[in-house]
Amino acid sequence: MGFNNPGIHAGVANVRSAKSFDGIIGFNIGKNKDTPNENAADDYLICLREAFPVADYIAVNLSSPNTPGLRDLQGAEASARLLDRLKTEQQKLATEHGKQVPLLFKIAPDLNETHIRDLSKVFLDGGLDGLIATNTTLDREKVADHPRANEAGGLSGRPVFEKSTATLRMFASHLGSKIPIIGVGGISSLKDAQSKIAAGASLVQIYTSFIYQGPKLVREIAKSL
Ligand SMILES: Cc1cc2nc3c(=O)[nH]c(=O)nc-3n(C[C@H](O)[C@H](O)[C@H](O)COP(=O)(O)O)c2cc1C
């Protein structure tokens, strides 16, 4: 599948043309499907340079299951190398543009505790600014009886909530309060958002529930959190 879209230049142009928007703009960047992982940093660096002037933060997507091999970038060594390249460039861009733009890594809900511990060390050592936990899951346990359970791709919404929150909780326990975490995955109510905060999130995001409940859900959650 890959990330089918017109590319980073079109994304940046869209943001530049939206003059009246004064909210927070996070850019989510990923490598091209046909870029081998050994050259992945080049794609992320291109996107980082382009998005930096217009972004408030940049989410480095290492966890989409829809781009073959992308999740291998979550290996401790691979992510340490990538973080190092991106942090170096981030500092250069900060001087050039006179502003800081935080770098967040977005991770999968399908990591085991050892992996989470190793990655946490990489993130702390490498000066990661923030973490987004989590992307969609490959796990089909919660939808085992569904006729489409075995289709390829990431599963979002309600079925990812528990795994995603457990992953968030484990990262929070390893990172302490040193790296803020955005909690995302299956939030469909105020109670779900509160659970993410209780598990260690500083902020929350919603994707799937927005389709079903629209902006009203955001207002309800923002009002009461
Ligand atoms: C159709 C679709 C497209 C998505 N595209 C991306 C993407 O390009 N980059 C990314 O980091 N996450 C992507 N995600 C993952 C979501 O941002 C979110 O992390 C995940 O769906 C869990 O949250 P939710 O249960 O609220 O949807 C996508 C999810 C869906 C369902």
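**Ground rules.** I number residues from 1 along each chain as its sequence is written, and side-chain values use heavy atoms, without hydrogens and water. Because the model is predicted, local features need pLDDT of at least 70 and side-chain atom pairs count only at pLDDT 80 or more, while totals for chains, interfaces and linings use all residues.

**Fold.** I looked up the elements and found eight helices and six strands. These are DSSP runs (helices H or I, at least four residues; strands E, at least two), numbered from the N terminus. Their order is α-β-α-β-α-β-α-β-α-β-α-β-α-α.

**Packing.** I checked how many of the 225 residues are buried: 44%. Buried means under 20% relative accessible area (1.4 Å probe, protein chains only). The C-alpha atoms fill a box of roughly 50 × 40 × 35 Å along the principal axes.

**Ligand.** Next I asked which residues surround the ligand. There are 16, and the closest are Asn28, Lys106, Gly157, Gly186 and Thr208. To be near, a residue needs a heavy atom within 4 Å. I then looked for polar contacts (pairs of N or O atoms within 3.5 Å). A polar side-chain atom of Lys106 sits 2.9 Å from a ligand oxygen. For a side-chain N or O atom of Thr208, the distance to a ligand oxygen is 2.5 Å. For Asn135, it is 3.4 Å. On its own the ligand has 610 Å² of accessible area, and the protein covers 75% of that. The areas come from the Shrake-Rupley method with a 1.4 Å probe.

Methods: Polar contact = N/O pair within 3.5 Å; in protein donor to acceptor, adjacent residues only side chain to side chain. Buried < 20%, exposed > 50% of the residue type's maximum accessible area, 1.4 Å probe, protein only.
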